[in-house]
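User: Could you walk me through this one? I'd like to go over the helix packing, the sheet and the contact between the chains.

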Number of protein chains: 2
Amino acid sequence: MTKKPLILVINDDGITAPGIIALTEIMKSIGDVVVVAPNSPQSGMGHAITINSTLHIEKISNFQYSCSGTPADCVKIAVNEILDRKPDLCVSGINHGSNSSINVIYSGTMSAAIEAGIEGIPAIGFSHLNHKWDANFNAAKTHVKTIAKNVLENGLTQGVVLNVNIPNLNENAIKGIKICRQAKGNWKEEFDKRQTPQGKDYYWLTGKFENYDNGEDTDEWALKNGYISVVPVQFDLTAHHCIQQLNSWNFNA
Amino acid sequence: MTKKPLILVINDDGITAPGIIALTEIMKSIGDVVVVAPNSPQSGMGHAITINSTLHIEKISNFQYSCSGTPADCVKIAVNEILDRKPDLCVSGINHGSNSSINVIYSGTMSAAIEAGIEGIPAIGFSHLNHKWDANFNAAKTHVKTIAKNVLENGLTQGVVLNVNIPNLNENAIKGIKICRQAKGNWKEEFDKRQTPQGKDYYWLTGKFENYDNGEDTDEWALKNGYISVVPVQFDLTAHHCIQQLNSWNFNA
């Protein structure tokens, strides 16, 4: 490439999170970076967008903007109101916590990547299996850069973005990168029921992730075995394999 | 069936919306109904869940509960804290407004159906193309009932839920039910930029849906031609067709 690629950096943990600071530094070694991130944590926001309230933007520095909205809002407002041209790449993260398996559905990090994909921008969501603020985001630095450069050079099939998860390991313990499918798993919820000082019940959502899928081609297997998982993710949700079966139903009953 | 099926009714427009009242009435003719719906509108919430704040439930009547959370929260709390047994069916809606094509991604209505699907409950999201409060939800009454009965009788493939959209037509103008795929389309956003009385910029998200897909097997085609569209929707987002291509990338560069 003769000119530097324009890279949009987004996340869902908020603009001050160490994960986005690490990702921004890595992307600066590849291209011109603009950061547009939520002004407060947006974890678990799924693909929410703000349609019933207003959005605000603050310019934080010459390349950083904070936005009052969700991760998906950040992409929309970046593309429409902040950037002069369509970015060559959108990266989201690095999320503090896993977005493997079914977590992709609840993930604000991945919703930003998916929103960029919908807008026709090659996009990657990065997540780290350590949710702590002081996770070692630099351990996978070389791999994050390699994946981003591959996307810039090869492009992505229309309608597909990448969901990248990084195991919580030191640099030399990471075995490499593995292309995977999303493991079948879900959360076994538990609600922690408490009472307000006034005696009214309230609940905290909690739970435990359960993986039902031992396939060696899954993201869960890769992560458990020391690999960075890369799942191609699509936003055509059609279950094509069910169409024939549904056509056999009797709708005239 | 010897005993009546247990049907969980959810929505994203809030427990007082005419769409959920219509859907509840239809379901009462099929089974025992429990309604657990947000206490305020949650449109555009995507698959958001509430993990950083508390959840409250109010019992409204002997079968109706309102919840302070998102549509996905409503499913989780219904299954774990309200219902005695796993429901035989979860229906979400009837949404005031379309959830065809890419709208499935942003839809609170569909997030409730998908959450139920993740929990192993056969689930359907219903949406009406008229977003007004006084839309004619009874025009498709017979069809809504037929679809729900088919799901109860035939079940759904594991990992699949139904996205049903209803055209804004009178009963005798609706031509029938069509099994479809999700049309390729997206929103062309426009941000309506305004100023606060204090002179600070703010934005309203607005825009126009654009359909790029003229396929006669799409939901958009069906709806435009007077049919109720039924799209089987999956939450394994893996783009399996891209795995081989990604395996050819060079990650050792």
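Analyst: Helices (H or I, at least four residues) and strands (E, at least two) are DSSP runs, numbered from the N terminus. This is a predicted model, where local features need pLDDT of at least 70, side-chain atom pairs count only at pLDDT 80 or more, and totals for chains, interfaces and linings use all residues. Residues are numbered from 1 along each chain as its sequence is written, and chains are lettered from A and ligands numbered from 1 in the order in which they are written.

User: Are α2(B) and α4(B) roughly parallel or roughly antiparallel to each other?

Analyst: Helix α2 (residues 71-82) and helix α4 (residues 108-118) of chain B have axes 7 Å apart, at an angle of about 30 degrees. Under 35 degrees counts as roughly parallel, over 145 as roughly antiparallel, 65 to 115 as roughly perpendicular and the rest as oblique. So the answer for α2(B) and α4(B) is roughly parallel.

User: Which are the edge strands of the chain B sheet?

Analyst: The open sheet in chain B has 9 strands in the order β3-β4-β2-β1-β5-β6-β7-β11-β8, with mixed pairing. Two strands pair if DSSP finds at least two bridges between them. The strands that pair on one side only are β3 (57-59) and β8 (176-179) of chain B.

User: Which residue in β4(B) does B:Glu58 stand opposite?

Analyst: β3(B) and strand β4 (residues 64-67) of chain B run antiparallel and are joined by 3 bridges. In β4(B), the residue opposite B:Glu58 is B:Ser66.

User: How many residues of chain A are in contact with chain B?

Analyst: Contact here is when two residues' C-beta atoms, placed from the backbone, lie within 7 Å. On the chain B side, 62 residues take part, and the number for chain A is 62.

User: Is A:Thr146 buried or exposed, or partly exposed?

Analyst: A:Thr146 sits in helix α5 (residues 141-154) of chain A. A residue is buried if 20 or more other C-beta atoms lie within 10 Å of its own, exposed if 12 or fewer, and partly exposed in between, with C-beta atoms placed from the backbone. A:Thr146 has 19 other C-beta atoms within 10 Å, so the call is partly exposed.

User: And how far apart in space are A:Thr146 and A:Asp236?

Analyst: In sequence, A:Thr146 and A:Asp236 are 90 residues apart. In space, C-alpha to C-alpha, the separation is 27 Å.

Terms used
Axes fitted to C-alpha atoms, helices over the stretch in contact; angles between N-to-C directions.
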